[in-house]
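User: Hi! Could you walk me through a couple of spots in this model?

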Amino acid sequence: MSTVETDGGSHRRIWVREENLSRDVEGLFATAFYHARNLEEFRNRAGMTPQVFDMLFSLVGDQLIKNSIRSPISPECRLFLTLVYMSNAESIQDLSKAFKMGSSTVRAIVQETSEVLWNSLEPAFMPQPNALDWSKIAEGYQRTWQVPHCLGAVDAKLLDVDYKGESDIILLASCDTNLDFTCIDIATVTDAVNNQLHWHYDFGSQLLSGQQLGNILPPEPLQSRREQKENLIYAFIADSSFPMREHIITPYTTRYLDFDQFHLNRHLSRALTGSIDMAFNVLISRWRLLSQPLRQSPSNAVKIVRAAVVLHNFVKQHDDTYCPVSYLEELAVCPSKQNVPNAWLSSRQQHADNCNATIQLRECMKEIINCKLES
């Protein structure tokens, strides 16, 4: 015999199947959260230690409370279920059976909790960088990778939506040398044939069209070339799948490279491999949902992807076991199927003159790097 419950604060009435009535005793939350909070087992399921979970819950728990005429699904369960979904890439159907909930309930919990995670964590753990933040990022790239005037490394990954014929989405992100993501944007592929993308925020469209990015550092002389007194812009570094833009420096792509160009390309490649490539590898290996078809509507997929990115920053800053050196050394690279076609990233046109400042910065980088090689 089935019973009736009201989910959350809504007036929608949903049926609880008889096999789900024992969720508070036999569901995965009851068995894995309360009765078996073994450190390793918990981390494998939730993507973080119990202590970090408690810290996260203290930040978002109040916003996950639901009222119901029956015993509502607890906020701890809502958060735990969402983390298990994102960390283990289990299907909605499998989670429905494991947590003894209806599939529609699981799907609603994931969507609502993902939005709460982003709205709660983004202001503190991935805020829009200010001038001081940009300066620290640039200092990090100068110190760690000897790349001057660098606002960070940027890359994009293709994520499979696989939902009612909907197209894929693209996650564009930049990071600092600590592998923390600093800026993101997400694009919906509206027309794959004609390379049409719809960016949800300003970062992607401004960066790829060469528009002026707000609040970045103004041009100034390089620290190592103060005597020349030429003001050079700050820019992101990216691989050759990106176009050269006003604030994107890419490797030389001519067929035959001279000695200096070859060494600059190799230098940029090392910096990209050790920063944005590594950050994406950690993100996708820890939040394995991103490596599988999301099977969500594009709007809900955006919520989940944003939550995964900001969780990466949060957990990395609070959990030493998230990506220690030993983990990074054995980390698999992202599969090539997640590479974004070059044409999609180059679809926004920019006047060639707008790249002159970027070309000038790249030439100065080349001279500095090769002077060090010769000395």
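Analyst: Happy to; we can take a strand pair and then a helix pair.

Analyst: This is a predicted model, where local features need pLDDT of at least 70, side-chain atom pairs count only at pLDDT 80 or more, and totals for chains, interfaces and linings use all residues. Residues are numbered from 1 along each chain as its sequence is written, and side-chain values use heavy atoms, leaving out hydrogens and water.

User: How many bridges join β5 to β6?

Analyst: Four, with the strands antiparallel; two strands pair if DSSP finds at least two bridges between them. Strands are DSSP E runs of at least two residues, and helices are H or I runs of at least four, numbered from the N terminus.

User: And what sits between β5 and β6 in the hairpin?

Analyst: Four residues; N195 in the turn has a positive phi of about 60 degrees. V189 stands opposite L197 in β6.

User: Is T188 buried or exposed?

Analyst: T188 counts as buried because its relative accessibility is 15% (buried is under 20%, exposed over 50%, partly exposed in between, with a 1.4 Å probe and protein chains only).

User: New topic: at what angle do α4 and α11 pack?

Analyst: About 130 degrees, with their axes 10 Å apart; axes are lines fitted to C-alpha atoms over the stretch in contact, and angles run from 0 to 180 degrees between N-to-C directions. The two helices are therefore oblique to each other (under 35 degrees is roughly parallel, over 145 roughly antiparallel, 65 to 115 roughly perpendicular, the rest oblique).

User: Which residues make the contact?

Analyst: V52, M55, L56 and L59 of α4 with L311, F314 and H318 of α11, contact meaning heavy atoms within 4.5 Å.
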